[in-house]
Amino acid sequence: MRRIRFILEKEFRQILRNKLMLPILFIMPVVQLFLLSYAANFEVKNLKVHVVDYDVSSLSKKLLNKLHGSDYFILSSRSHDTEKAYFNLDQNIADIGLIIPNNFSENLYSGETVEVQLLINAINGTKAALANNYMQNIVSDFGKEFHSDNITVQPTKQFKGLKISHRHWFNKYEDYKIFMVPGILVLLVTMIAMFLSSINIVREKEIGTAEQLNVTTIRKPEFIIGKLLPFWILALLELSIGLLLGWLIFDVPIRGSIGLVYLFAMLYIITVLGLGMFVSTITDRQQQAMFISWFLLVIFILMSGLFTPIESMPEWARVITKFNPIAYFVQFMRMVMLKGSSSEHVTHLFISIGIYALLTNSLAILNYRKTTK
Amino acid sequence: MYNLKTFFNIVKKEMQHILRDHRTLFILLGMPIVLVILFGFAITNEIKDAEIGFLDKSNDVFSLQLREKINASNYFNINTVLQNERNIEEGFKRGEIKMVVVVPNNFGKQLQRNEDVSIQLIADASDPNSANTVIGYMSAILREFHMKNIIERMQMPAISTQVRMLYNPHLDSTFYFVPGVITIILMLVSAMMTSITIAREKEFGNMEILLVSPLKPSIIIFGKTIPYIMLSLLNAVTILLIGYFVFQMPLSSKMWLLILEVILFIITSLSLGILISTVANNQQTALMISLMALLLPTILLSGFIFPIESMPKLLQWVSHIIPAKWFIIIIKDIMLKEAGVAIVWEETLVLIGITIFFLILSIKKFSIRLS
């Protein structure tokens, strides 16, 4: 036990001594939390529309007003020339071109079909599909309103409607930040734990101090515990700061039990530390360790369901996510924090992460040799 | 002449460093491939086969028809038929379903009698965006169903919309991501790798030795960066080729312009990398600064993944000083819109301006030498 204490003391001194690292370790979570929760949003709004209105009637004006009133569109420019619309799309001045034909109101009143043309910059496919969807909804609403306003024209065609009501559970105000914060906390904890642990041992190897540690009487497990414990504490500290900030600033609720969150986090951080340690044992330069960690993290993060839903992935990708510890923690945090899932709902996640923790750490311990070749 | 020879020796030394380290080399060459494939196939927002619940209070022919229609669509898959409202919350908490469709009593009768019908959609909005999307898609299916049953007989004139999807008619997500992946990889190799390499020399004290040699510091640094420039170019070409062969992305006719812009951005990244290495004095710090100050903003604020125009005003302002944002606009224009100098000159000028600024800053910082 005493030997572990010495290693601990040494590690903490090394962390606290580095004047540049300390601010990074503590400012990072704050910056990351803010940046990510405001920027990481797929929501589509403020699309710039170039309007070409050949009709210029009260009806076309009404349609434009309807567009203007929605959050999604900004009527940024207008002209009387379709070519100008194409040009503006080319120049990134507009995202959408809307072309209203000159027989728009005439045809509507006489009960004929009218065709409105939409030009959409589709480089971002998802954005284009959503924009199209919003646009269609607004146009079809406009059509319905027109028909019910002019019901006297066609009295026989009165019909009853379909009412679709919707309720949003767990996030009434549809605040995307509330959804993102629990996931970002996972990212934060993971990055700290992974990078610190993966560079740590390899650093001793690179500088040559590993040799010195190897000739001491310390045993392998003691050495590893002493090495990882500081990072474990640090990562939990980061999580606490993140939870506190999330609660104070973004009003992120913790509907489930906070004890459960910490219990899972403790296990999860052990998993990540084990993984980082494993990387550290198979590399011999810090740069190498960083790149391997970076590579693993990027894949794990992209495939964790943090930014894009796992259900949208193809079958093979969903199988891969079964081996992704980040995916488990992200899912867990969202379930417990936002929906108040209780321990019985998340038992399977605990089992999976437990197995993972055991696996990565045994790999790391087995692979670590006190002797150099 | 003497200088030129030593210069090449530095290049050669750095080259050997890179080639000797198989693991890092493997990752540097493999990373772009993995990223393009992940973004091309796995990273998508599209709703497909979302698992939902169906609460049928009516249980008649019409509600059965509706259920079949929903199941037949590509978007949804009804995996639980609920018995009562109390089971809804349990389903959400287990994370098994994303939405519940509640069909009222007498659904069929109301439809037949041409009365108002109301259907309730309850969504798990812990993820508000996907909740909105599933509600949107489901509403469209319900309207269509209703249309078929009621409105079809009434023949109403409609406003139809003719839609043209420009530049990417099949809404291929690779088109959008490939430029972003190129940017990230260039940033990673040119900025992060160089900053760590130089910081490493400082950490081991080699920098002192190099600086007392007759070569100018700027020549030394330049020599060290050449291999990374070559590596970056190799990566960019790899990504373009994958885009072309695997994802049928168009290969621009303005290749020369594209390559010039890529070189410009490599210089931008290098100057950033050198700047970081002047601040950091060991590899760990260089890595952390690269991650925080370079990669994170590049990924988040460049419009690579998340649309800039939806961000708060402040972040939109910040995005202007992110070089990657301009670079992504430029290469998208060139690759997907077949744009020439006439269209991208403004963005290019901004990028050149930013590059010169960082270049001067890093040279100034560097000549102060080691403390």
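## Two helices that cross

A helix axis here is a line fitted to C-alpha atoms over the stretch in contact, and angles between axes run from 0 to 180 degrees between N-to-C directions. With that in hand, look at chain B of this predicted model. The axes of helix 2 (residues 22–42) and helix 9 (residues 217–247) of chain B come within 10 Å and cross at roughly 35 degrees. The crossing of these two helices is right-handed.

Who touches whom? From helix 2 of chain B, the residues in contact are Leu28(B), Leu29(B), Pro32(B), Ile33(B), Val36(B), Ile37(B), Gly40(B) and Phe41(B). Across from them, helix 9 of chain B brings Leu231(B), Leu234(B), Asn235(B), Thr238(B), Ile239(B), Ile242(B), Val246(B) and Phe247(B). Sort this contact by class and you get 13 nonpolar residues, three polar ones and no charged ones.

Buried or exposed? Ile219(B) has 32% relative accessibility, so it counts as partly exposed, since that label covers values between 20% and 50%. The C-alpha atoms of Ile219(B) and Thr6(B) are separated by 9.7 Å, although the two residues sit 213 apart along the chain.

## Two asparagines with a positive phi

Most residues other than glycine have a negative phi. Asn59(B) has a positive phi of about 50 degrees, and it isn't a glycine. You'll find Asn59(B) in the loop between strand 1 (50–56) and helix 3 (61–72) of chain B. With a relative accessible area of 58%, Asn59(B) is exposed.

Asn106(B) is another non-glycine with a positive phi, this time about 55 degrees. Its loop runs between strand 3 and helix 5 (107–112) of chain B. Asn106(B) is partly exposed, at a relative accessible area of 42%.

## The build of chain A

Now over to chain A, which has 14 helices and five strands. Its radius of gyration is 29 Å, well over the 21 Å that the globule rule gives for 373 residues, so chain A is more spread out than a compact globule. Along its principal axes, the C-alpha trace of chain A spans about 95 × 45 × 40 Å.

Of those 373 residues, 55% count as buried. Take the contacts in chain A between residues at least 6 apart in sequence: 81% of them join residues at least 24 apart.

Chain B averages a pLDDT of 82, and 94% of its residues score at least 70. Where in chain B is confidence lowest? That is strand 5 (residues 159–166), with a mean of 72, while strand 3 (residues 99–103) is highest, at 90. For the complex, the predictor gives an ipTM of 0.75 and a pTM of 0.78.

Conventions:
Residues numbered from 1 in each chain as written. Chains lettered and ligands numbered in written order. Predicted model: local features only at pLDDT ≥ 70, side-chain atom pairs only at ≥ 80, totals over all residues. Heavy atoms only, no water. pLDDT = per-residue confidence, 0-100. Helix = DSSP H or I, 4+ residues; strand = E, 2+ residues; numbered from the N terminus. Left-handed = near helix turned anticlockwise from the far one by under 90°. Contact = heavy atoms within 4.5 Å. Nonpolar A, V, L, I, M, F, W, Y, C, P; charged D, E, K, R; others polar. Buried < 20%, exposed > 50% of the residue type's maximum accessible area, 1.4 Å probe, protein only. Rg over C-alpha atoms; globule rule 2.2 N^0.38 Å.
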